[in-house]
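Please look at the sequence and the model before reading on.

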There are 2 protein chains.
Amino acid sequence: MELFATPDARERHADLAADAADAGVPMWTVTEAALAALSETVTPQGLVAVCRHRHHADLAPVLAAEPRLVAVLAGISDPGNAGTILRTADAAGAAAVVFPDGSVDPYNGKCVRASAGSVFHVDLVRGGSAADAVRALRAGGLRVLAADAHGERDLDELSASGALRAPTAWVFGSEAHGLQADVADLADERVRVPIHGLAESLNLAAAAAVCLYACASAQRTPMRSPE
Amino acid sequence: MELFATPDARERHADLAADAADAGVPMWTVTEAALAALSETVTPQGLVAVCRHRHHADLAPVLAAEPRLVAVLAGISDPGNAGTILRTADAAGAAAVVFPDGSVDPYNGKCVRASAGSVFHVDLVRGGSAADAVRALRAGGLRVLAADAHGERDLDELSASGALRAPTAWVFGSEAHGLQADVADLADERVRVPIHGLAESLNLAAAAAVCLYACASAQRTPMRSPE
């Protein structure tokens, strides 16, 4: 790892500079202009770290750890959406987030920023087809749920049935075109977040938050018997 | 109301042009450049409607209809966040969304676009202080919950207690600074969305989606007795 900082940022984050020195991480002082170019953003915070990629090439090491919650981003092209869902998946306790081919690069600068650090917290799997990821997750014992505005199952019904307590992988599709039909068909169920008002749909990251937290909550709530 | 359209958009949306003519709504054909200036966006979709503002100046007419779910956006400055939460509130079945002074204008172009039509679906209340809105909602019989990453109540606990079945108003604060302490203190409870992984927090719109849907689901799920 290496760090690049403007003189201002180096002073503002003296504790971080000291930690870097202790850890033997080189820290270079650079101009505002150089840092702006490195950070790929309009209002950089003055610090850039160069890190090793940390993804797996397939699901095998993830499945070996018997995860209870996984998210698959299938064909998500907006890096802000992908990073936000990665952050939400981390917060919901997901063990891994899968970025198949055709989705945005998890190391895209906007995705990394939107993830607010979560790109370093959960296992990442990058590459392969979304269909193969779904097959591998099912073979690994997870129930695969495709988030689909036109899905046959209602999220609240599924939650009431107790089904969300099982180890679950959620598959989220493109913000513009939804999930590809061939991928959705491979899932155990296609699940819609109920729309109670007049909105036609939810924003993708909002729908993902509702789905992921429905599992997080179900997997941690003590069983109740129906009346 | 009036409509402005590029020649292309007018052709693409002939059905809409016919509906406008039937309804006596004037539709003007304008150049791409004129439309771009009207739409305040880089890639306009070719159509702009000029509509009447449709908000209430206070909560009285909203409370008269005995709402079961209301969202208050207190100090939210990002129009994309505000519009997304407005859309999510609509989808979750909220009757009204309150934009007190100090929050972004609900008619900001980015907010309107992010709302994906929901700016027309729910009752809007604009102006007044967030503190007065909280007082009015409590006086109107709603349980007011402040979404607060450091809140004393856990959302899952609150949900398990059955408390979310009551008519509820959620108050969401600034994406950068959280909810103002004096507003949070006026609420019935300060509620945190549980963080199960290593993320420090959720993105504001994701947290709002989880909170609003927790109520939507609780208010529609048949009562169950604990084991």
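How many bridges join strand E1 (residues 2-5) of chain B to E3(B)?

## The sheet

Four bridges join these two strands of chain B, E1 and E3, and the strands run antiparallel. One bridge pairs Phe4(B) with Val48(B) in E3(B). Strands are DSSP runs of E, at least two residues long, and helices are runs of H or I of at least four residues, both numbered from the N terminus. Two strands count as paired if DSSP finds at least two bridges between them.

The open sheet has three strands in the order E2-E1-E3 (chain B), with mixed pairing. Strand E2 (27-29) and strand E3 (47-50) of chain B are its edge strands, each pairing on one side only.

## Basis of the model

The model is predicted: local features need pLDDT of at least 70 and side-chain atom pairs pLDDT 80 or more, while totals for chains, interfaces and linings use all residues. Residues are numbered from 1 along each chain as its sequence is written, and chains are lettered from A and ligands numbered from 1 in the order in which they are written.

## The contact between the chains

The contact takes 37 residues from chain B and 37 residues from chain A; residues are in contact if their C-beta atoms, placed from the backbone, lie within 7 Å. On the side of chain B that touches chain A, helix H5 (79-91), helix H8 (155-160) and helix H10 (204-220) of chain B each give two or more residues. H10(B) gives the most, with eight residues.

## Symmetry

A rotation of 180 degrees with 0.0 Å of shift along its axis superposes chain B on chain A (RMSD 0.0 Å), by least squares on the C-alpha atoms of residues with pLDDT of at least 70 in both. That is the relation of a two-fold axis.

Methods. Contact = placed C-beta atoms within 7 Å.
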